[in-house]
Amino acid sequence: MSLSIGIVGLPNVGKSTLFNALTKAQNAQAANYPFCTIEPNKATVAVPDRRVEALTAKAKPRKTIHASVDFIDIAGLVRGASRGEGLGNQFLATIRECAAIVQVVRCFEDENITHVDGGVSPLRDVETIETELLLADLQSVEKRLEKLQKMAKGSKEAKAAAELMQGLLAHLNDGKPAAAFT
């Protein structure tokens, strides 16, 4: 099983260009209009490791399996994605399948490349991405908590999980990311 990394950011920031560079696949279209990427682009990249080659030479197995990384070029995120704006629901479903995310933020001026918010502001863009991800996490936790509370009446495990989920919900409501919850 490989590590899956989702490449996220607003439209026209260079996500597909980064995907093409990392994967050497050159199959992700990079164009100057929002939502050029609708369906996620996916590619698997082998992770070279001289140690694996050395072990293979000594052990002489029938098959050598290298570690790999799956990169997923995800459609551009816009403000309101957690409420279904842009390709919001599709974006969020794809990102939930990833083990890690890489945020790509535009830090360059180019009058020939449009910006969905009218101008380049990396801090605003990071805030937009993180806010939308936080709002999506809130929705997921609220749904899960509702189910756990129903199950908690007859299950100690569900009751404990519901209590934990309530703590996570409070953490998210404080504007803190799920990854920082302990």
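Mentor: We will go through a helix pair and then a pocket. Keep in mind that this is a predicted model.

Trainee: Why is H4 called roughly antiparallel to H5?

Mentor: Take the angle. H4 (residues 122-151) and H5 (residues 156-173) pack at about 155°. Angles over 145 degrees count as roughly antiparallel. That makes H4 roughly antiparallel to H5. Their axes lie 9 Å apart. The crossing of H4 past H5 is left-handed.

Trainee: What makes Leu134 of H4 and Ala158 of H5 part of the contact?

Mentor: The cut-off is heavy atoms within 4.5 Å. Both residues are listed in the contact. Others from H4 include Asp137, Leu138, Val141 and Arg144. From H5, Met165, Leu168 and Leu172 are among them.

Trainee: How do the residues of that contact divide?

Mentor: Into 13 nonpolar, three polar and three charged. Leu counts as nonpolar and Asp as charged.

Trainee: Now the largest pocket. What is its volume, and which residues lie nearest its centre?

Mentor: The volume is about 550 Å³. The lining has 20 residues, with Ile101, Leu133, Leu134, Asp137 and Ala178 nearest the centre.

Trainee: What makes a residue part of that lining?

Mentor: An atom within 4 Å of a pocket point. H4 gives the most, with eight residues. Helix H3 (88-96), strand S4 (100-103) and H4 each supply at least two.

Trainee: How does the lining divide by residue class?

Mentor: It has 12 nonpolar, four polar and four charged residues. Ile and Ala count as nonpolar.

Technical notes:
Residues are numbered from 1 along each chain as its sequence is written. This is a predicted model: local features need pLDDT of at least 70, side-chain atom pairs count only at pLDDT 80 or more; totals for chains, interfaces and linings use all residues. Side-chain values use heavy atoms; hydrogens and water are left out. Axes are lines fitted to C-alpha atoms, for helices over the stretch in contact, and angles run from 0 to 180 degrees between N-to-C directions. Helices (H or I, at least four residues) and strands (E, at least two) are DSSP runs, numbered from the N terminus. Angles under 35 degrees count as roughly parallel, over 145 as roughly antiparallel, 65 to 115 as roughly perpendicular and the rest as oblique. A crossing is left-handed if the near helix is turned anticlockwise from the far one by less than a right angle, and right-handed if clockwise. On a 1 Å grid over the protein atoms alone, a cavity is a set of points where a 1.4 Å probe fits but cannot get out, and a pocket is an open set with protein on both sides within 12 Å along at least five of seven lines; lining residues have an atom within 4 Å of a point. Grid points are joined across faces, edges and corners, and a volume is the space filled by probe spheres set on the points.
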